Amino acid sequence: MPYQNILVTGGAGFIGSNVAIALKSRRPDGRVTVLDSLRRRGSELNLPRLREAGVIFQHGDIRNPEDLAPPREPYDLVVECSAEPSALAGYDGDVRFVVNTNLAGTINCLELARQCKADLLFLSTSRVYPVARLNELPTVEQPTRFALVDGSGVPGASAAGVAEEFPLDGYRTLYGATKLASELVIAEYRHMFGLRAVVNRCGVVAGPWQMGKVDQGVFTLWVLAHHFRRALKYIGFGGTGKQVRDLLHVADLIDLLELQLARMAELDGRVFNVGGGLETSLSLQETTSLCRELVGNDLEIGADETTREGDVRVYVTDNRRVTEAVGWRPRRSPREIISDIHSWITKNEAAVRQALGT
Ligand SMILES: NC(=O)c1ccc[n+]([C@@H]2O[C@H](COP(=O)([O-])OP(=O)(O)OC[C@H]3O[C@@H](n4cnc5c(N)ncnc54)[C@H](O)[C@@H]3O)[C@@H](O)[C@H]2O)c1
(Lines give C-alpha, C1' and ligand atoms only; values in the text may rest on other atoms or scores of the structure.)
Protein backbone atom coordinates (compact mmCIF):
# COMPACT_ATOMS: atom_id res chain seq x y z
CA MET A 1 0.00 0.00 0.00
CA PRO A 2 1.40 3.43 -0.87
CA TYR A 3 1.67 5.92 2.01
CA GLN A 4 2.31 4.74 5.53
CA ASN A 5 2.35 7.99 7.54
CA ILE A 6 -0.72 10.05 6.73
CA LEU A 7 -2.21 13.24 8.16
CA VAL A 8 -5.92 13.91 7.63
CA THR A 9 -6.76 17.51 8.53
CA GLY A 10 -10.39 18.01 9.57
CA GLY A 11 -10.21 14.31 10.33
CA ALA A 12 -12.94 14.36 12.97
CA GLY A 13 -15.41 15.68 10.40
CA PHE A 14 -17.72 13.67 8.21
CA ILE A 15 -15.44 12.98 5.26
CA GLY A 16 -12.18 13.20 7.21
CA SER A 17 -13.19 10.60 9.81
CA ASN A 18 -14.48 8.14 7.22
CA VAL A 19 -11.35 8.64 5.11
CA ALA A 20 -8.96 8.31 8.06
CA ILE A 21 -10.61 5.09 9.28
CA ALA A 22 -10.59 3.59 5.78
CA LEU A 23 -6.96 4.54 5.14
CA LYS A 24 -5.91 3.02 8.46
CA SER A 25 -7.91 -0.18 7.93
CA ARG A 26 -6.03 -0.74 4.67
CA ARG A 27 -2.67 0.03 6.32
CA PRO A 28 -2.64 -1.90 9.60
CA ASP A 29 1.07 -1.21 10.08
CA GLY A 30 0.86 2.39 8.93
CA ARG A 31 0.23 5.50 10.99
CA VAL A 32 -2.81 7.71 10.36
CA THR A 33 -3.14 10.92 12.35
CA VAL A 34 -6.08 13.30 12.28
CA LEU A 35 -5.95 16.93 13.26
CA ASP A 36 -9.19 18.75 14.02
CA SER A 37 -10.28 21.77 16.04
CA LEU A 38 -13.67 20.10 16.76
CA ARG A 39 -15.37 23.29 15.72
CA ARG A 40 -18.15 21.48 13.90
CA ARG A 41 -20.90 20.46 16.27
CA GLY A 42 -21.03 16.67 16.40
CA SER A 43 -17.42 16.08 15.26
CA GLU A 44 -16.64 14.94 18.82
CA LEU A 45 -18.89 11.92 18.17
CA ASN A 46 -16.26 10.64 15.78
CA LEU A 47 -13.45 10.54 18.36
CA PRO A 48 -14.31 7.08 19.82
CA ARG A 49 -14.57 5.62 16.29
CA LEU A 50 -11.19 7.05 15.38
CA ARG A 51 -9.64 5.68 18.56
CA GLU A 52 -11.11 2.20 18.02
CA ALA A 53 -9.74 2.20 14.47
CA GLY A 54 -6.22 2.98 15.72
CA VAL A 55 -6.20 6.51 14.30
CA ILE A 56 -4.24 9.08 16.33
CA PHE A 57 -6.18 12.25 17.22
CA GLN A 58 -4.46 15.59 17.54
CA HIS A 59 -6.43 18.63 18.65
CA GLY A 60 -5.34 21.55 16.52
CA ASP A 61 -6.41 24.39 14.31
CA ILE A 62 -5.13 24.69 10.75
CA ARG A 63 -5.22 28.47 11.10
CA ASN A 64 -2.25 28.16 13.49
CA PRO A 65 1.02 27.25 11.74
CA GLU A 66 2.43 25.98 15.06
CA ASP A 67 -0.32 23.32 15.18
CA LEU A 68 1.03 22.04 11.87
CA ALA A 69 4.70 21.68 12.73
CA PRO A 70 6.30 18.71 10.94
CA PRO A 71 6.56 15.65 13.20
CA ARG A 72 9.83 13.79 13.80
CA GLU A 73 8.71 11.11 11.32
CA PRO A 74 7.58 13.27 8.39
CA TYR A 75 4.15 12.58 6.87
CA ASP A 76 4.18 11.12 3.37
CA LEU A 77 0.61 12.23 2.60
CA VAL A 78 -1.67 15.06 3.70
CA VAL A 79 -5.40 14.73 2.99
CA GLU A 80 -6.96 18.17 3.50
CA CYS A 81 -10.53 17.65 4.76
CA SER A 82 -10.89 20.56 7.17
CA ALA A 83 -13.09 23.45 6.20
CA GLU A 84 -15.83 25.81 7.00
CA PRO A 85 -18.00 24.03 4.42
CA SER A 86 -21.12 26.19 4.48
CA ALA A 87 -22.14 28.05 1.35
CA LEU A 88 -23.73 30.62 3.68
CA ALA A 89 -20.47 31.28 5.56
CA GLY A 90 -19.59 34.95 5.74
CA TYR A 91 -23.04 36.24 4.78
CA ASP A 92 -23.52 37.26 8.43
CA GLY A 93 -20.57 39.64 8.04
CA ASP A 94 -18.08 37.38 9.79
CA VAL A 95 -15.82 36.62 6.85
CA ARG A 96 -12.61 35.99 8.75
CA PHE A 97 -13.22 32.45 9.89
CA VAL A 98 -14.10 31.09 6.46
CA VAL A 99 -11.17 32.86 4.77
CA ASN A 100 -8.66 32.01 7.49
CA THR A 101 -9.65 28.36 7.61
CA ASN A 102 -10.32 27.64 3.95
CA LEU A 103 -7.50 29.69 2.43
CA ALA A 104 -4.87 30.62 5.03
CA GLY A 105 -5.38 27.18 6.62
CA THR A 106 -4.77 25.48 3.28
CA ILE A 107 -1.51 27.40 2.95
CA ASN A 108 -0.45 26.17 6.40
CA CYS A 109 -1.23 22.61 5.26
CA LEU A 110 0.78 23.19 2.09
CA GLU A 111 3.73 24.41 4.13
CA LEU A 112 3.55 21.26 6.23
CA ALA A 113 3.37 19.08 3.09
CA ARG A 114 6.32 20.95 1.57
CA GLN A 115 8.45 20.54 4.69
CA CYS A 116 7.59 16.85 4.95
CA LYS A 117 7.93 16.30 1.17
CA ALA A 118 4.43 14.81 1.42
CA ASP A 119 1.88 14.48 -1.38
CA LEU A 120 -1.47 16.24 -1.09
CA LEU A 121 -5.06 15.18 -1.75
CA PHE A 122 -7.24 18.28 -1.65
CA LEU A 123 -11.01 18.18 -1.27
CA SER A 124 -12.37 21.09 -3.20
CA THR A 125 -15.97 21.72 -4.10
CA SER A 126 -18.41 22.12 -6.97
CA ARG A 127 -19.00 25.52 -5.38
CA VAL A 128 -15.99 26.83 -7.31
CA TYR A 129 -18.43 27.17 -10.24
CA PRO A 130 -20.18 30.55 -10.20
CA VAL A 131 -23.70 30.67 -8.80
CA ALA A 132 -25.27 32.94 -11.45
CA ARG A 133 -23.73 30.98 -14.32
CA LEU A 134 -25.16 27.74 -12.91
CA ASN A 135 -28.58 29.28 -12.34
CA GLU A 136 -28.63 30.70 -15.89
CA LEU A 137 -28.38 27.21 -17.38
CA PRO A 138 -31.60 26.24 -19.12
CA THR A 139 -33.67 23.64 -17.26
CA VAL A 140 -36.95 21.86 -17.87
CA GLU A 141 -39.49 21.37 -15.13
CA GLN A 142 -40.41 17.71 -14.75
CA PRO A 143 -43.07 16.32 -12.38
CA THR A 144 -40.67 15.97 -9.42
CA ARG A 145 -37.55 17.95 -10.40
CA PHE A 146 -35.79 20.53 -12.52
CA ALA A 147 -33.44 18.97 -15.08
CA LEU A 148 -30.52 20.38 -17.06
CA VAL A 149 -30.79 20.14 -20.84
CA ASP A 150 -28.35 19.81 -23.73
CA GLY A 151 -27.58 22.66 -26.09
CA SER A 152 -27.04 25.56 -23.66
CA GLY A 153 -23.89 26.56 -25.57
CA VAL A 154 -22.04 26.95 -22.23
CA PRO A 155 -18.73 25.02 -22.19
CA GLY A 156 -18.81 22.07 -19.80
CA ALA A 157 -22.60 22.12 -19.39
CA SER A 158 -24.93 19.41 -20.67
CA ALA A 159 -27.90 17.33 -19.58
CA ALA A 160 -25.28 15.02 -17.99
CA GLY A 161 -24.17 17.80 -15.62
CA VAL A 162 -21.28 20.17 -15.09
CA ALA A 163 -17.77 19.34 -16.31
CA GLU A 164 -14.44 20.96 -15.51
CA GLU A 165 -14.58 23.24 -18.58
CA PHE A 166 -17.47 25.22 -17.06
CA PRO A 167 -16.63 28.97 -16.96
CA LEU A 168 -15.14 30.27 -13.72
CA ASP A 169 -15.95 33.97 -13.97
CA GLY A 170 -18.51 35.34 -11.53
CA TYR A 171 -19.27 35.21 -7.81
CA ARG A 172 -19.44 31.81 -6.17
CA THR A 173 -19.88 32.37 -2.38
CA LEU A 174 -16.92 32.88 -0.06
CA TYR A 175 -16.82 29.15 0.53
CA GLY A 176 -16.35 28.49 -3.20
CA ALA A 177 -13.98 31.43 -3.61
CA THR A 178 -11.67 30.33 -0.80
CA LYS A 179 -11.59 26.79 -2.20
CA LEU A 180 -10.81 28.03 -5.72
CA ALA A 181 -8.12 30.33 -4.31
CA SER A 182 -6.64 27.32 -2.51
CA GLU A 183 -6.59 25.41 -5.80
CA LEU A 184 -4.60 28.28 -7.35
CA VAL A 185 -2.09 28.29 -4.50
CA ILE A 186 -1.73 24.50 -4.79
CA ALA A 187 -0.84 24.96 -8.48
CA GLU A 188 1.88 27.42 -7.42
CA TYR A 189 3.27 25.01 -4.82
CA ARG A 190 3.45 22.33 -7.49
CA HIS A 191 5.35 24.68 -9.75
CA MET A 192 7.62 26.26 -7.14
CA PHE A 193 8.35 23.33 -4.86
CA GLY A 194 7.50 20.21 -6.85
CA LEU A 195 4.63 19.33 -4.50
CA ARG A 196 2.49 16.54 -5.94
CA ALA A 197 -1.25 17.09 -5.59
CA VAL A 198 -4.64 15.96 -6.86
CA VAL A 199 -7.72 18.17 -6.49
CA ASN A 200 -11.25 16.75 -6.32
CA ARG A 201 -14.12 19.20 -6.79
CA CYS A 202 -16.79 17.28 -4.96
CA GLY A 203 -20.54 17.69 -5.36
CA VAL A 204 -22.64 16.72 -2.35
CA VAL A 205 -21.08 13.86 -0.41
CA ALA A 206 -23.41 12.01 1.95
CA GLY A 207 -23.49 9.00 4.24
CA PRO A 208 -23.21 7.93 7.86
CA TRP A 209 -21.54 10.22 10.42
CA GLN A 210 -22.43 13.46 8.69
CA MET A 211 -23.76 16.03 11.13
CA GLY A 212 -26.38 17.39 8.74
CA LYS A 213 -27.61 20.96 9.00
CA VAL A 214 -29.60 23.26 6.80
CA ASP A 215 -26.60 24.85 5.09
CA GLN A 216 -24.47 21.71 4.78
CA GLY A 217 -25.43 18.06 4.74
CA VAL A 218 -28.93 18.42 3.35
CA PHE A 219 -29.59 14.71 2.79
CA THR A 220 -28.68 13.83 6.37
CA LEU A 221 -30.76 16.77 7.57
CA TRP A 222 -33.73 15.37 5.65
CA VAL A 223 -33.34 11.89 7.12
CA LEU A 224 -32.79 13.30 10.63
CA ALA A 225 -35.93 15.42 10.37
CA HIS A 226 -38.00 12.46 9.21
CA HIS A 227 -36.59 10.22 11.93
CA PHE A 228 -37.08 12.73 14.76
CA ARG A 229 -40.27 14.25 13.20
CA ARG A 230 -38.84 17.75 12.95
CA ALA A 231 -40.19 20.50 10.71
CA LEU A 232 -38.75 20.89 7.21
CA LYS A 233 -39.23 23.47 4.48
CA TYR A 234 -38.60 23.57 0.76
CA ILE A 235 -36.63 26.82 0.52
CA GLY A 236 -36.27 28.80 -2.69
CA PHE A 237 -36.89 28.18 -6.38
CA GLY A 238 -40.65 28.53 -5.92
CA GLY A 239 -40.77 26.43 -2.73
CA THR A 240 -41.80 23.24 -4.55
CA GLY A 241 -38.73 21.16 -3.64
CA LYS A 242 -37.70 20.55 -7.23
CA GLN A 243 -34.10 21.70 -6.81
CA VAL A 244 -31.64 18.90 -7.54
CA ARG A 245 -28.26 17.73 -6.26
CA ASP A 246 -26.28 14.66 -7.10
CA LEU A 247 -25.07 12.79 -4.04
CA LEU A 248 -22.03 10.63 -3.59
CA HIS A 249 -21.74 7.98 -0.91
CA VAL A 250 -18.64 8.71 1.16
CA ALA A 251 -17.56 5.07 0.58
CA ASP A 252 -17.54 5.72 -3.18
CA LEU A 253 -15.37 8.79 -2.58
CA ILE A 254 -12.94 6.71 -0.50
CA ASP A 255 -12.69 4.12 -3.29
CA LEU A 256 -11.73 6.94 -5.64
CA LEU A 257 -9.13 8.41 -3.27
CA GLU A 258 -7.39 5.02 -2.97
CA LEU A 259 -7.29 4.70 -6.77
CA GLN A 260 -5.77 8.16 -6.98
CA LEU A 261 -3.17 7.41 -4.32
CA ALA A 262 -2.08 4.33 -6.24
CA ARG A 263 -1.46 6.50 -9.32
CA MET A 264 -0.24 9.76 -7.82
CA ALA A 265 2.75 10.13 -10.16
CA GLU A 266 0.47 9.99 -13.18
CA LEU A 267 -2.41 12.06 -11.75
CA ASP A 268 -0.31 14.79 -10.11
CA GLY A 269 -1.72 18.20 -11.08
CA ARG A 270 -5.11 16.91 -12.24
CA VAL A 271 -8.36 18.55 -11.17
CA PHE A 272 -11.50 16.40 -11.22
CA ASN A 273 -15.20 16.96 -10.78
CA VAL A 274 -16.38 14.17 -8.52
CA GLY A 275 -19.97 13.38 -7.58
CA GLY A 276 -22.88 11.01 -7.81
CA GLY A 277 -23.74 12.10 -11.35
CA LEU A 278 -27.18 12.23 -12.92
CA GLU A 279 -28.04 8.62 -12.03
CA THR A 280 -27.31 9.30 -8.39
CA SER A 281 -29.16 12.57 -7.99
CA LEU A 282 -32.30 13.58 -6.11
CA SER A 283 -34.60 16.56 -5.88
CA LEU A 284 -35.82 17.50 -2.41
CA GLN A 285 -39.28 16.21 -3.33
CA GLU A 286 -37.79 12.88 -4.35
CA THR A 287 -35.76 12.82 -1.15
CA THR A 288 -38.96 13.30 0.83
CA SER A 289 -40.57 10.33 -0.95
CA LEU A 290 -37.54 8.12 -0.24
CA CYS A 291 -37.47 9.23 3.41
CA ARG A 292 -41.20 8.49 3.79
CA GLU A 293 -40.63 5.03 2.43
CA LEU A 294 -37.37 4.18 4.23
CA VAL A 295 -37.82 6.03 7.54
CA GLY A 296 -41.54 5.43 7.71
CA ASN A 297 -42.68 8.85 8.93
CA ASP A 298 -44.81 11.18 6.86
CA LEU A 299 -43.88 14.83 7.45
CA GLU A 300 -45.73 17.83 6.21
CA ILE A 301 -43.11 19.97 4.45
CA GLY A 302 -43.50 23.76 4.54
CA ALA A 303 -42.60 26.08 1.69
CA ASP A 304 -40.55 29.27 1.54
CA GLU A 305 -40.37 30.70 -1.95
CA THR A 306 -37.46 33.06 -1.27
CA THR A 307 -34.24 31.73 -2.77
CA ARG A 308 -31.26 31.97 -0.43
CA GLU A 309 -28.16 33.89 -1.39
CA GLY A 310 -25.74 31.57 -3.17
CA ASP A 311 -28.25 28.76 -3.67
CA VAL A 312 -28.26 26.78 -6.91
CA ARG A 313 -31.29 25.33 -8.71
CA VAL A 314 -29.59 22.21 -10.11
CA TYR A 315 -26.12 20.83 -9.60
CA VAL A 316 -25.18 17.50 -11.11
CA THR A 317 -21.58 16.38 -11.57
CA ASP A 318 -20.36 15.31 -14.97
CA ASN A 319 -17.87 12.61 -13.92
CA ARG A 320 -16.54 11.80 -17.37
CA ARG A 321 -13.00 13.13 -16.79
CA VAL A 322 -12.41 11.17 -13.59
CA THR A 323 -14.02 8.03 -15.03
CA GLU A 324 -11.74 8.23 -18.03
CA ALA A 325 -8.65 8.85 -15.88
CA VAL A 326 -9.05 6.06 -13.33
CA GLY A 327 -12.05 3.96 -14.39
CA TRP A 328 -13.98 4.99 -11.28
CA ARG A 329 -17.71 5.55 -11.17
CA PRO A 330 -20.07 5.78 -8.19
CA ARG A 331 -21.65 2.45 -7.25
CA ARG A 332 -24.02 3.29 -4.39
CA SER A 333 -27.55 4.44 -5.29
CA PRO A 334 -29.56 7.24 -3.64
CA ARG A 335 -31.69 4.55 -1.96
CA GLU A 336 -28.59 2.92 -0.43
CA ILE A 337 -27.28 6.30 0.71
CA ILE A 338 -30.52 7.34 2.42
CA SER A 339 -30.88 3.88 3.92
CA ASP A 340 -27.28 3.88 5.26
CA ILE A 341 -27.80 7.32 6.82
CA HIS A 342 -30.98 6.09 8.45
CA SER A 343 -29.36 2.94 9.90
CA TRP A 344 -26.57 5.10 11.32
CA ILE A 345 -29.10 7.40 13.03
CA THR A 346 -31.07 4.45 14.37
CA LYS A 347 -27.96 2.78 15.81
CA ASN A 348 -26.65 5.99 17.38
CA GLU A 349 -29.90 7.73 18.19
CA ALA A 350 -29.12 9.01 21.67
CA ALA A 351 -25.68 10.39 20.75
CA VAL A 352 -26.92 11.99 17.55
CA ARG A 353 -29.88 13.56 19.34
CA GLN A 354 -27.61 14.97 22.02
CA ALA A 355 -24.89 16.21 19.66
CA LEU A 356 -27.22 17.85 17.17
CA GLY A 357 -29.94 18.92 19.58
CA THR A 358 -32.62 17.27 17.44
N1 LIG B 1 -19.68 16.99 2.53
C2 LIG B 1 -19.82 17.48 1.33
O3 LIG B 1 -20.89 17.38 0.71
C4 LIG B 1 -18.65 18.16 0.64
C5 LIG B 1 -18.81 18.52 -0.70
C6 LIG B 1 -17.75 19.15 -1.35
C7 LIG B 1 -16.57 19.38 -0.69
N8 LIG B 1 -16.45 19.02 0.61
C9 LIG B 1 -15.17 19.31 1.27
O10 LIG B 1 -14.74 18.18 1.97
C11 LIG B 1 -14.08 18.56 3.16
C12 LIG B 1 -14.71 17.86 4.34
O13 LIG B 1 -16.08 18.25 4.44
P14 LIG B 1 -17.06 17.58 5.48
O15 LIG B 1 -18.36 17.42 4.83
O16 LIG B 1 -16.41 16.42 6.11
O17 LIG B 1 -17.20 18.75 6.54
P18 LIG B 1 -17.25 18.66 8.15
O19 LIG B 1 -17.71 20.00 8.61
O20 LIG B 1 -17.99 17.45 8.60
O21 LIG B 1 -15.72 18.43 8.53
C22 LIG B 1 -14.80 19.48 8.57
C23 LIG B 1 -13.99 19.31 9.85
O24 LIG B 1 -13.03 20.36 9.87
C25 LIG B 1 -12.94 20.82 11.21
N26 LIG B 1 -12.44 22.18 11.16
C27 LIG B 1 -13.10 23.31 10.80
N28 LIG B 1 -12.29 24.37 10.89
C29 LIG B 1 -11.09 23.89 11.31
C30 LIG B 1 -9.86 24.51 11.58
N31 LIG B 1 -9.68 25.83 11.44
N32 LIG B 1 -8.82 23.74 11.99
C33 LIG B 1 -8.98 22.39 12.15
N34 LIG B 1 -10.14 21.76 11.90
C35 LIG B 1 -11.18 22.51 11.48
C36 LIG B 1 -14.33 20.71 11.78
O37 LIG B 1 -14.34 20.61 13.19
C38 LIG B 1 -14.82 19.42 11.14
O39 LIG B 1 -14.60 18.30 11.96
C40 LIG B 1 -14.16 20.07 3.23
O41 LIG B 1 -12.98 20.60 2.70
C42 LIG B 1 -15.31 20.40 2.33
O43 LIG B 1 -15.16 21.67 1.77
C44 LIG B 1 -17.46 18.42 1.29
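Arg229 is exposed, with a relative accessible area of 54%. The structure described here is a predicted model. Arg229 belongs to the loop that runs between H6 and E12. Its phi is near 55°, a positive value in a residue other than glycine.

Leu38 also has a positive phi, of about 60°, although Leu38 is not a glycine. Most residues other than glycine have a negative phi. Leu38 lies in the loop between strand E2 (31-36) and helix H2 (46-52). With a relative accessibility of 24%, Leu38 counts as partly exposed, because the partly exposed class starts where the buried class, under 20%, ends.

## The ligand and its surroundings

Which residues come nearest to the ligand? Of the 32 residues around the ligand, these are Asp36, Arg40, Ser43, Tyr175 and Lys179. In Ser43, an N or O atom of the side chain is 2.7 Å from an oxygen atom of the ligand. In Lys179, an N or O atom of the side chain is 2.6 Å from an oxygen atom of the ligand. Ile15 uses its backbone instead: one of its backbone N or O atoms lies 2.8 Å from an oxygen atom of the ligand.

How much of the ligand does the protein bury? Taken alone, the ligand exposes 820 Å², and the protein buries 97% of that. Several elements give two or more residues to the shell around the ligand: helix H1 (14-25), helix H3 (96-116), strand E5 (119-125), helix H5 (173-193) and E11. E5 gives the most to this shell, with 3 residues.

## Aromatic pairs

How many aromatic pairs are found in a search of the whole structure? There are 4. One of them joins Trp209 and Trp344, with 5.5 Å from centre to centre and 50° between the planes, and this pair is tilted. The pair links distant parts of the chain, 135 residues apart. Trp209 is in the loop between strand E11 (204-206) and helix H6 (218-228), while Trp344 is in helix H11 (residues 334-347). Both Trp209 and Trp344 are buried.

Another pair consists of Trp222 and Tyr234, and this pair is stacked, with 6.0 Å from centre to centre and 20° between the planes. Trp222 sits in helix H6 and Tyr234 in strand E12 (residues 232-235), 12 residues apart. Trp222 has a relative accessible area of 2%, so it is buried. Tyr234 is buried as well, with a relative accessible area of 10%.

## Charges over rings

Two arginines are placed over phenylalanine rings. The charged end of Arg114 sits over the ring of Phe193, at 4.7 Å from the ring's centre. Arg313 lies over the face of Phe146, 4.9 Å from the ring centre.

## A buried threonine

Is Thr280 buried or exposed? Thr280 counts as buried because its relative accessibility is 7%, and the buried class covers values under 20%. Thr280 is found in the loop between strand E14 (271-274) and strand E15 (281-283).

A polar atom of the Thr280 side chain lies 3.4 Å from the backbone oxygen of Gly276. Leaving aside residues up to four places away in sequence, Thr280 touches Asp246, Leu247, Arg332, Ser333, Pro334 and Ile337.

Key. Residues numbered from 1 in each chain as written. Predicted model: local features only at pLDDT ≥ 70, side-chain atom pairs only at ≥ 80, totals over all residues. Heavy atoms only, no water. Helix = DSSP H or I, 4+ residues; strand = E, 2+ residues; numbered from the N terminus. Buried < 20%, exposed > 50% of the residue type's maximum accessible area, 1.4 Å probe, protein only. Polar contact = N/O pair within 3.5 Å; in protein donor to acceptor, adjacent residues only side chain to side chain. Contact = heavy atoms within 4.5 Å. Phe/Tyr/Trp six-rings, centres within 6.5 Å; stacked < 30°, edge-to-face > 60°. Lys NZ or Arg CZ within 6 Å of the ring centre and 35° of its normal. Near = heavy atom within 4 Å. Areas by Shrake-Rupley, 256 points an atom, 1.4 Å probe, with all protein chains shown as cover.
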